[in-house]
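Hello,

Here is the structure I promised to pass on. Please open it alongside this email.

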Amino acid sequence: MKYILVTGGVISGIGKGIIASSIGTILKSCGLRVTAIKIDPYINIDAGTFSPYEHGEVFVLNDGGEVDLDLGNYERFLDINLYKDNNITTGKIYQHVINKERHGDYLGKTVQVVPHITDAVQEWVMNQAKVPVDDDKKEPQICVIELGGTIGDIEGMPFVEAFRQFQFKAKRENFCNIHVSLVPQPNATGEQKTKPTQNSVRALRGLGLSPDLIVCRSAKPIEMAVKEKISMFCHVEPEQVIFIHDVSSTYRVPILLEEQGIIKYFKQRLNLPIDDQPSDLLMKWKKMACRYERLLKVCSIALVGKYTKLSDCYASVFKALEHSALAINYKLDLMYIDSTDLERSTEAENSVKYHQAWHKLCKADGILVPGGFGIRGTEGKLQAISWARTKKKPFLGVCLGMQLAVVEFARNCLNWEDANSTEFDPDTKNPVVIDMPEHNPGDMGGTMRLGKRRTVFKTENSVLRKLYGDEMFVEERHRHRYEVNPELTHCFEEKGLKFVGHDTEGNRMEIIELENHPYFVGVQFHPEFSSRPMKPSPPYLGLLLAATGTLNAYLQRGCKLSP
């Protein structure tokens, strides 16, 4: 097993996740089996209870793990399926060690950060690196490990110490450290500065890790003189300094790395049994990146949500839309609309913001209402759904978006004026959305219906079934506490809102479709988590096809994309 540790310096959010994913993609293109581990030094057991504004979206895995969004990057880039133990947190490690101490496994010894916590980290990494993540179920050959945060953070110290020890346990030919740093360019001078990188590498060396590659992030391409200066002051060869400037799409990053000789370096440094040239996989990435940059036709989608101030809150939704747009040769114009701005209360408080939000919604080719929790912004989402239904605008509702589509239909088509979800109004006379029997209202963490579940189509006359390739069932990932009330579904069906998919028992409503509408679809699951650059998610692809007026032609071709 070969281990590649990716650390970061100067600032967080520098792009370690994309760099780690891109390195994995390059090695996979050379015919190697690659897995990935993300280490988050926070004390939370998992990402499940975070506000999206803290660390971006919560990504859900097949096994129900609620994890950091970087695991979503790994899955999309490497086309693998990870597990919750591929996300290590300080909370998980300490819980593991404390449980062992309570069990008496340490035989009366004083339990300390060194060696017990550091040993637990190394043991976890070695065990998880062996777990197969590809469809062929073979053991991986390479494990890419991303250490979250920046070098020097107090909470990251035990992990850095664990890998200082681990480099000797694994042996030099099996362990490699990549340090991602920032090369800023102040507007006042316009000069690219190397001092932050020098200090960051010095701090890393002081903790016992020497970088084998230094990946420098910058806004613009870095000059050769800067590369030579970093090489001299950071005690590495010039070819060990890699530059990654801001690019038009993340699909370009593996290509930039490959162009700077990273395959040849890894082959020598880790003694890998590979050719110097990448395979067809990286050629596909190159073609995809070139195609992305040449797109001329634009499709605009309005994303109506409550966490619109930070795009990372809907990272997988954005990627799923982007994959679908690329598949049909359109450039995506994603317009984020804060759902509270569509509400009447905003018109009274700030009429400019209200009218700007409605202007965006009205000019969009399609409307998407993603998942979420809590009552804030729900009335605005209901307004957007009503607009999509009455104006026959293509619409996709995901999780809460589907539930609110049912609420909107109940209020405006069934005339149940107080119809609501028990999440927002526990005393409503028409509870069209209810909490699930297994929902535990005590603990918040890990108490939802999570992970991959089967959805069975109960009719052949379904747009989504055709988009999924006329399969009898699909398996997608879930994350919800509430569901459509199964006792009231007949009332909706009579008026044209069809529940075309349900769970294996037939009790849980999973997919809705509205009759006599170009595309009005709601799904209880989160299809965005399974979307891949070369395998777009069918519900999102359907939205883009409908928004561009090409859905019927696509269905008539037997769900084959035009060349």
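First, the ground rules. This is a predicted model: local features need pLDDT of at least 70, and side-chain atom pairs count only at pLDDT 80 or more, while totals for chains, interfaces and linings use all residues. Residues are numbered from 1 along each chain as its sequence is written, and side-chain values use heavy atoms, with hydrogens and water left out.

**The two domains**

The protein splits into domain 1 (2-290) and domain 2 (295-557). Those bounds come from an automatic or database domain assignment. Over C-alpha atoms, the two domain centres are 34 Å apart. Domain 1 gives 25 residues to the contact and domain 2 gives 30 residues; contact means heavy atoms within 4.5 Å.

**What the interface is made of**

About 2,500 Å² is buried between domain 1 and domain 2, with 57% of it on carbon and sulfur atoms. Buried area here is the accessible area (1.4 Å probe) that two parts lose on being put together, summed over both. On the domain 1 side, Tyr 53, Val 60 and Arg 76 lose the most area to domain 2. Together they make up 29% of what that side buries.

A salt bridge is a side-chain nitrogen of Lys or Arg within 4 Å of a carboxyl oxygen of Asp or Glu. Glu 75 forms a salt bridge with Arg 477, with the closest N and O atoms 3.0 Å apart.

Which elements give two or more residues to the side of domain 1 that touches domain 2? They are α2 (52-55), β3 (59-60), α3 (70-78) and α11 (280-294). Helices (H or I, at least four residues) and strands (E, at least two) are DSSP runs, numbered from the N terminus. The largest share, 3 residues, comes from α11.

**Salt bridges and Asp 79**

In one of them, Arg 532 pairs with Asp 79, the closest N and O atoms being 3.3 Å apart. Arg 532 lies in the loop between β21 (520-523) and α19 (538-547), and Asp 79 in the loop between α3 and β5 (87-89), so the pair ties together parts 453 residues apart in sequence. Asp 79 also has a phi near 50°, a positive value in a residue other than glycine.

**An aromatic pair**

The search found 16 aromatic pairs in the whole structure. Rings of Phe, Tyr and Trp (its six-membered ring) pair if their centres lie within 6.5 Å; planes under 30 degrees apart count as stacked, over 60 as edge-to-face and the rest as tilted. Trp 416 and Phe 492 have ring centres 5.9 Å apart and planes at 75°, so this pair is edge-to-face.

**A cis peptide bond**

The bond from Val 114 to Pro 115 is cis, with omega near 15°. Pro 115 is found in helix α5 (residues 113-129).

Best wishes
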